[in-house]
Amino acid sequence: MKSQPIAVALLVAATALGAQQPDAGIPQLRKQGTATQLVVDGKPFLILGGELGNSTASDLERMRPMWAKLRAMNLNTVIAPVYWEFLEPREGQFDFTQVDSLIAQSRANDMRLVLLWFGSWKNSMSSYVPEYVKLDQARFPRTEATRGQGQEILSPFSAANWEADARAFAALMRHLRAFDGSRHTVLMVQVENETGMIPEARDHSPAADSLFARAVPPQLLVYLERHRDALAPELRDRWAARGNRTSGTWEDVFGAGVHTDELFMAWHFAQYHERVAAAGKREYPLPMYANAALIRPGYLPGRYVSAGPLPHLIDVWRAASPSTNFIAPDIYFPNVAEWTEKYTRSANPLFIPEARLTPQVSVDALYVFGKHDAIGYSPFAIEGASTEQGAGAALARSFGLLAQLAPLIAQHQGRGTMTGVMPAAGFEGTVDEAPQTISLAGAEYTLNVSFANPPGPPTAAPATADGPVSFSPGLPGATLQTTQTTRASSAPRGGLVIMLAPNEFLIAGTGMVVTFTPNGAGAPIAGILAADQVHYEKGNWVRGLRMNGDQTHQGRHVALGTGEFTVQRVKLYRYR
Ligand code: DGJ
C-alpha cells in the first residue's frame with residue numbers, strides 16, 4: 001500500500017518521542033450529585049478556555065508569540081482545530097505535524113487543549129475535507145438542496161463518506177493515545193463543527209428521499225417510548241400530536257413539514273457522528289461532544305443550520321449517538337441565560353466552546369459555572385483579544401477569579417449549594433435589571449441581589465462610569481438606589497454565590513448589591529456579622545479588606561464594585 005511509508009515513519013517518530021499509554025488519569029466525565037464534572041489526573045477540572053479563530057492553528061510558527069497573552073488572560077485551555085485536510089493530505093497517508101506542534105506548544109506554555117475535529121462538516125459545509133474527497137463527488141456524494149443540485153455538504157447517507165472520516169479520526173485518536181496518553185494535554189475532542197443543513201432542512205438526493213419514505217428506525221421509537229416523560233418538550237408535543245405512534249414513516253409518526261425533515265436529518269447526522277466518534281473512542285476514549293449554531297427567534301428549519309445538536313433535538317442525538325457525551329451551544333446571542341437553560345435540560349452537561357467575545361463574557365463565565373455547574377467556558381477568536389482593555393481585560397479578571405475559586409466551585413458542583421446570577425438579557429440585547437432573589441436549599445437567609453450602581457473600589461472616587469449613586473436613607477436592609485435609570489454603556493454585572501454554611505455565603509463577581517432576609521421563624525432582621533474581601537490560594541482563603549462602614553452601607557448590604565471582579569465572604573446573624 002502506497003501510504004505505508006509515511007504512516008510507519010510517523011508511528012516510529014511518535015514512539016521515539018516517547019509513546020505513552022493512557023492511564024487512570026485520562027480525562028473523563030464523572031457525576032457528582034446532579035453535576036457532570038470533567039476529571040483530569042483524578043481531579044475535577046474547570047475549563048477556562050478560549051477558542052482560536054479557524055485558520056490560526058494552520059501556521060503554528062505564528063502561534064508562538066500568542067501563548068503569553070493567552071496565559072495573561074488566565075486561560076488554562078485553548079480550543080483549537082485539527083484539520084482533516086492537513087491530517088490526511090493523501091488518502092491513507094497521515095501527517096500529525098499540526099497536532100503535534102499544537103500539543104508541544106501547549107505543554108511548553110502549561111496549557112491544555114480541547115481539539116476540534118474539522119472533519120466532514122464545519123458550519124454545515126465540507127470545506128475541510130481533503131482534496132481526494134472534494135475531487136471525487138461520485139465516490140463521496142453530497143447533499144442536494146434541490147434534486148440534482150449538489151451542495152458542498154457531504155451526504156450523511158453515504159458509507160464511503162463516514163468510513164473515510166471515521167478512519168482519519170481514528171488515526172488521530174490513536175496518535176493522541178500514543179503521544180498524549182499519559183500527559184493529558186488534550187482534554188476532550190469536539191467531533192465535527194456545527195453540523196447541519198442549510199438552506200433546506202432536508203437533503204433531496206435520491207438516497208435521502210428513499211430513506212425518508214421508509215419507516216422511522218425502531219431504535220429511535222424505542223428510545224422515545226422509554227424516555228417519554230423526559231423528552232424535550234418540542235419533540236414530545238410533535239410526537240403526541242400524531243398519537244405517539246410506535247411505527248410508520250417519518251411523516252406518519254411526526255407529521256409532514258420542515259420540522260419532520262429536520263428530525264429525519266438529525267437522526268442521520270447523529271448516526272454519522274456516532275460512527276466517527278465511536279471509531280475514535282475505540283482508539284482513545286476521551287470525552288467527545290458536538291456543537292451547534294443556535295437559532296434566531298422565529299426561524300424555521302432550513303433558515304438556520306438545521307438538524308444539528310440543538311436542544312429540541314437532544315433526544316434524537318442521544319438515541320443515535322451514545323458516543324457523543326453531550327451537546328454544546330456556540331453562543332453568539334445575548335440571551336445566554338435562556339440558551340444555557342435549554343442546554344441543561346435533561347442533565348446535559350454544559351460546555352460552551354464558543355461565545356461572542358464582548359466584555360459580557362466576563363460575567364457569563366461566572367454565571368454558567370455558578371448556575372449550571374459548567375464544565376467550561378470559552379470565547380471565540382481569543383487570540384484577537386487585548387489583555388489591556390475591553391473583552392480580553394474583563395475576561396482576564398473574571399478567569400483570574402474563577403481560577404482562584406476552582407477547587408471550591410468543584411466541591412460545590414451538583415450539590416445545590418451554588419448558583420449564578422445576572423440580569424436576564426433578551427435576544428435583542430434588552431437587559432432586565434430588576435432585582436433577583438437567591439434561595440438555596442438549607443440556607444438560613446435569602447439573598448436579594450440588585451444590579452444598581454454599587455460603589456467602585458473602596459479607595460476610588462464614589463461616582464462610577466454609569467453615573468452618580470446615592471444611598472437610600474435609614475432602614476436596615478435598605479438597598480442602594482441609583483439616580484440614573486438608563487445605562488446605554490452598562491458594564492457587565494453579576495456573578496456567582498456559594499453557600500459555605502447556612503449563615504455564610506461567598507459572593508463573587510461585579511456590579512451587585514446584596515441584602516439579606518432571614519428564612520423561617522425567628523428574629524426577622526438580617527445583619528452582617530462579618531464581610532471580608534478574600535482571595536484564595538491553593539484552596540485556602542486569605543482575608544483582604546474587612547468590609548464595613550461605608551463599604552457595607554454601615555452594615556446594611558454587601559456591595560461588589562462595578563468594573564472590578566472581587567470575592568466577599570459574608571457571615572450573617574439575625575436580630576429583632
Ligand atoms: C461558529 C463556528 O463554529 C466557528 O468556527 C466560526 O466560524 C464562528 N462561527 C465565526 O463567527
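## Contacts along the chain

Residues 24 or more positions apart account for 75% of the contacts in the chain with a separation of 6 or more. Contact means heavy atoms within 4.5 Å.

This is a predicted model: local features need pLDDT of at least 70, side-chain atom pairs count only at pLDDT 80 or more, and totals for chains, interfaces and linings use all residues. Residues are numbered from 1 along each chain as its sequence is written, and side-chain values use heavy atoms, with hydrogens and water left out.

## The chain as a whole

The chain has 16 helices and 28 strands. Both are DSSP runs, numbered from the N terminus: helices are H or I with at least four residues, strands are E with at least two.

Of the 576 residues, 56% are buried. Buried means under 20% relative accessible area, exposed means over 50%, and partly exposed lies in between (1.4 Å probe, protein chains only). The accessible surface comes to about 22600 Å². Carbon and sulfur atoms hold 52% of that surface. Such areas come from the Shrake-Rupley method with a 1.4 Å probe; for residues, only the protein chains shown count as cover.

## A six-stranded sheet

Six strands form an open sheet. Their order is E15-E22-E23-E28-E25-E26, with antiparallel pairing. Two strands pair if DSSP finds at least two bridges between them. E15 (418–421) and E26 (540–546) stand at the edges. Each has a single partner strand, so one side of each is left without a neighbour in the sheet. Neighbouring strands are turned by 30 degrees against each other on average, direction ignored. Axes are lines fitted to C-alpha atoms, for helices over the stretch in contact, and angles run from 0 to 180 degrees between N-to-C directions.

Look inside the sheet at E22 (residues 494–501) and E23 (residues 504–510). They pair in the antiparallel sense over seven bridges. Glycine 495 has glycine 509 in E23 as its bridge partner. Helix H16 (residues 390–412) packs on this sheet. H16 touches E15, E22, E23, E25 (525–537) and E28 (566–575), and its direction makes about 45 degrees with that of E22. Helix H15 (residues 361–372) lies across E15, E22 and E23, running at about 150 degrees to E15.

Another open sheet has four strands, in the order E18-E19-E24-E27. Its pairing is antiparallel too. E18 (436–438) and E27 (558–560) are the edge strands; each has a single partner strand, so one side of each lacks a neighbour in the sheet. The twist averages 25 degrees from one strand to the next. Three bridges join E24 (residues 512–518) to E27. In one of them, valine 513 partners alanine 559 of E27.

E1 (residues 28–32) and E2 (residues 35–40) pair in the antiparallel sense over five bridges. Leucine 29 has leucine 38 in E2 as its bridge partner. This hairpin has two residues between the strands, and glycine 33 takes a positive phi near 60 degrees.

## Helices that cross

Helix H14 (residues 336–343) packs with H15 at an angle of about 35 degrees, their axes 11 Å apart. The crossing is right-handed. A crossing is left-handed if the near helix is turned anticlockwise from the far one by less than a right angle, and right-handed if clockwise. Val336, Ala337, Thr340 and Glu341 in H14 meet Asp364, Tyr367, Val368, Lys371 and His372 in H15.

Helices H5 (residues 97–108) and H7 (residues 159–180) cross at roughly 35 degrees, and their axes come within 11 Å. This crossing is right-handed.

Alanine 365 sits in H15. Its relative accessibility is 0%, so alanine 365 counts as buried. Alanine 365 touches Tyr377, Ser398, Phe399 and Leu402, not counting residues up to four places away in sequence.

A cis peptide bond joins isoleucine 198 and proline 199, with omega about 10 degrees. Proline 199 is in the loop between E9 (186–193) and H8 (206–212).

Asparagine 244 has a positive phi near 50 degrees, though it is not glycine. Asparagine 244 is partly exposed, with a relative accessible area of 22%. Alanine 381 also has a positive phi, about 60 degrees. Alanine 381 is found in the loop between E14 (376–377) and H16.
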